[in-house]
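Have a look at the sequence and the model first.

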Amino acid sequence: ELERDGYLERVRGIGTLVNRDVLMVENRMDQKLEFNKMIRAIGRVPHSDNLMVTRETATPELMERLALDPEKEHTLVFVRRRVMADDTPVLFSTDILPLSLFDNKRLEGIDFSQPIFDIAARHCHTEVTETVAHFHAVSGPAGIRRQLALRPEQALLQLEEICYSRLCKPVLCCQTYYTDFFDFAMVRKLL
């Protein structure tokens, strides 16, 4: 696994080499790191505000992404929030989970300001183990741009993710708009 992640390289006749540059890379896009941890890692205090939790009927697109039975109606839980680093708005996220994962729990008693993966583990008994992410440079919706206090020329990095459980079942969709507060990197290996 260390070789696949780019930390080690095995060279016939030489041995195993450590790629020290890769060891120093922070905020790797090819490794899922919860954004509150990234904010803390640079010495800032993360917190969520403008938190909104709603129940909405699943669209055909979301039913397909979450592998839900298209012959039935499904209710989804949408968790929308702006995330701050101290007093600086740094991202806006929308997390979408099937209500059925909550196993008839009352949503009102859940602290949705916590990281969504912690909520999934604690209240849905579902551990997210991997995600498939697509990212795009976008201007973003006007309402989100206002909440993030962006300048007119400032772009956002949009990540659209489908998150999978240990059983390889899609359990969560995430759409996150990141500001340029974050500096992301990716380690890419030639095939």
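Is strand β5 (residues 88–98) largely enclosed by the rest of the structure or left open, and why?

## The strand in question

Keep in mind that this is a predicted model. In it, 10 of the 11 residues of β5 are buried, so the strand is largely enclosed by the rest of the structure. Buried here means under 20% relative accessible area.

## Who β5 pairs with

Start with strand β4 (residues 75–85), which runs antiparallel to β5 and is joined to it by 10 bridges. To find your place in that pairing, look for Val 79, whose bridge partner in β5 is Asp 95.

## Zooming out

The protein chain as a whole has 5 helices and 8 strands. Going along the sequence, they come in the pattern β-β-α-α-β-α-β-β-α-β-α-β-β.

As for burial, 40% of the chain's 191 residues count as buried. The chain exposes about 11800 Å², with carbon and sulfur atoms supplying 51% of that. And if you take the contacts between residues at least 6 apart in sequence, 58% of them join residues at least 24 apart.

Note on methods: Residues numbered from 1 in each chain as written. Predicted model: local features only at pLDDT ≥ 70, side-chain atom pairs only at ≥ 80, totals over all residues. Heavy atoms only, no water. Helix = DSSP H or I, 4+ residues; strand = E, 2+ residues; numbered from the N terminus. Buried < 20%, exposed > 50% of the residue type's maximum accessible area, 1.4 Å probe, protein only. Contact = heavy atoms within 4.5 Å. Areas by Shrake-Rupley, 256 points an atom, 1.4 Å probe, with all protein chains shown as cover. Pairing = 2+ DSSP bridges.
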